[in-house]
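Me: I'd like to walk through this one with you, a topic at a time. Could you keep the answers plain?

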Amino acid sequence: MKYIIAIDQGTTSSRAVLFDEQANLLAFEQQEFPQIFPQSAWVEHDPLQIWDSQYAVLERLIHKNQILPADILGIGITNQRETTVVWEKSTSKPIYNAIVWQDKRTSHFCEILKERNLAEYIQNTTGLLIDTYFSATKLHWILENVPQARQQAENGELAFGTIDSWLIWKMTGAKSHLTDDTNASRTMLFDIHNRVWDKKLLDELQIPESLLPKVQTSASFYGNFVFQGVFIPILGVAGDQQAALFGQTCFEAGMAKNTYGTGCFMLMNTGNKPFLSKYGLLTTLACTLKNQVQYALEGSIFVGGAVIQWLRDELKFIQTAADSEKLAWQASPDHGIFVVPAFAGLGTPYWDMYARGAIFGLTRASSRADIARATLESLAFQSKDVLNVMQQDSGISLKSLQVDGGACANNFLMQFQADILNVKVERPQFVETTAIGVAYLAGIQLGIWDKDFLLSKRKIDHIFVPNMSENRRIFLYEYWQEAVKRSMGWLKPNKITT
Ligand code: ADP
């Protein structure tokens, strides 16, 4: 038997997933690694701990399943996006910890970029909005703050990479300094139209081009991983959310997936056209193949499954996240309650950092079950908000929504999502969609799988079919929008409170 392995390097853990030649998922291994919080709002990872944990799970997967390295046809890599590593080319030693996507230390520099009137140029060129989230300002920070870094960079001694590049560098024994289109498009330095590093932005941020990896299509040859003397080719690379879109077989324009994790990530394939958003969505490259470049619109919801954790940990309404489903089925369908989980303000499409969470519509008869149900419903309403603007920006209307992430296990939530969107919601049997996505890329590059084959392999666990009257749908959504409006501008930053 022959195999393909996907490496899935996430924010809190490293995973390795084994597939057979027929694209069946056989086994996986996972290992957490430490998070480093040097100051408030700073988040770092040790790149060597990332590498060690990733190597360990890969080795364990191969040994536990008694795989001969020679039987591994290829490897795919998917990764936490935007996280920034700089290392010395001659020693492969990182010059600083990886600065993680959540890290906010560069917010002041982001304000400076806005004052320099770069917002429009950056959106038009990179598809992104100026934010600490992306790699560019993190890389700038390292060059400015690590002793000797700028000098070493000017001398061409350093390499920058997102986590994919770092892993490729380590796996190929410092031979390949490469990244793929999807990861490059999250740096805020990449021209997504011409698929090249943007000279003006490199100048503006004082980043020498010699630091940057070469950018390849997502399905292509990235070098060989030498494992126990055997050469295993790396054949597919993609950032986690784009990998999930591909793993969900959203190959055509108008197909979308929503990941219900701590936050929610929605991506819609918009085909070969990049649509720039009027509502604060991001435009990004989807996985690229040899003869095919596709784009996606991306929207995120800050508080997704996290609001279920709040029900569990703060309100103590439930013991496990899964209990929320049982409770929701016990609620009155006409509970009349709307929970707006604006714990940290509101993102797409409202963009109000002064909004705060609120519960509307309480009566003496309101029960824990009613509030739990309304809390779950808030995930679906927020997803509808994002999808609405995606459809407006692209002019494309959605036919069905593919779902994954921890909270997609909740049948109540998925049915309500289908009802409130009035589209079918499809939950796959295997929700490891990020790993599946890059295994698919590797298989396509090997020439053993094509899109038709992968579509035929798609295993659906359940299709949730909309079952709500149009009147009720409109009625509920109008109430939701009213609730959101009333939670906005709650904080009055200039008001004296003492
Ligand atoms: P992440 O990758 O962001 O860590 P996961 O995809 O593992 O997140 O999903 C975890 C989130 O999903 C948690 O916020 C949890 O509250 C929520 N969750 C998990 N299972 C359920 C469930 N059955 N119903 C509702 N929410 C759930």
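Me: How far is an oxygen atom of the ligand from an N or O atom in the side chain of Gln-309?
Reply: The model is a predicted one, and in it an oxygen atom of the ligand lies 2.7 Å from an N or O atom in the side chain of Gln-309.

Me: And what about the side chains of Thr-262 and Asn-410?
Reply: For Thr-262, an N or O atom of the side chain is 2.6 Å from an oxygen atom of the ligand, while for Asn-410 the side-chain N or O atom is 3.0 Å from a nitrogen atom of the ligand. The protein covers 66% of the accessible area of 580 Å² that the ligand has on its own.

Me: Which residues around the ligand come nearest?
Reply: There are 13 residues around the ligand, and those that come nearest are Thr-262, Gly-305, Gln-309, Gly-406 and Asn-410.

Me: How does that shell divide into nonpolar, polar and charged?
Reply: Five residues of the shell are nonpolar and eight are polar, with no charged residue in the shell.

Me: Which helix gives the largest share of the shell?
Reply: That is helix α10, residues 306-313, which contributes three residues to the shell around the ligand.

Me: How do β21 and β22 run, parallel or antiparallel?
Reply: Strand β21 (residues 400-404) and strand β22 (residues 424-428) run parallel and are joined by three bridges. Within β22, Val-425 is the residue that stands opposite Leu-401.

Me: OK, and the six-stranded sheet, what is its order?
Reply: That open sheet has the order β3-β2-β1-β5-β14-β13, again with mixed pairing. Its edge strands, each pairing on one side only, are β3 (25-32) and β13 (224-227), and neighbouring strands are turned against each other by 25 degrees on average, with direction ignored.

Me: How many bridges are there between β2 and β3?
Reply: Seven bridges pair β3 with strand β2 (residues 13-20), in the antiparallel sense. As one of the bridge pairs, Phe-19 has Leu-25 in β3 as its partner.

Me: Last topic, the backbone. Where is Pro-349, and which residue does a cis peptide bond join to it?
Reply: Pro-349 sits in the loop between β19 (338-340) and β20 (358-360), and the cis peptide bond joins it to Thr-348, with an omega of about -5 degrees.

Me: And what is the phi of Ala-174?
Reply: Ala-174 has a positive phi of about 65 degrees although it is not a glycine, and the loop that holds Ala-174 is the one between α6 (163-171) and β9 (178-180).

Definitions and conventions:
Residues numbered from 1 in each chain as written. Predicted model: local features only at pLDDT ≥ 70, side-chain atom pairs only at ≥ 80, totals over all residues. Heavy atoms only, no water. Near = heavy atom within 4 Å. Polar contact = N/O pair within 3.5 Å; in protein donor to acceptor, adjacent residues only side chain to side chain. Areas by Shrake-Rupley, 256 points an atom, 1.4 Å probe, with all protein chains shown as cover. Helix = DSSP H or I, 4+ residues; strand = E, 2+ residues; numbered from the N terminus. Nonpolar A, V, L, I, M, F, W, Y, C, P; charged D, E, K, R; others polar. Pairing = 2+ DSSP bridges. Axes fitted to C-alpha atoms, helices over the stretch in contact; angles between N-to-C directions.
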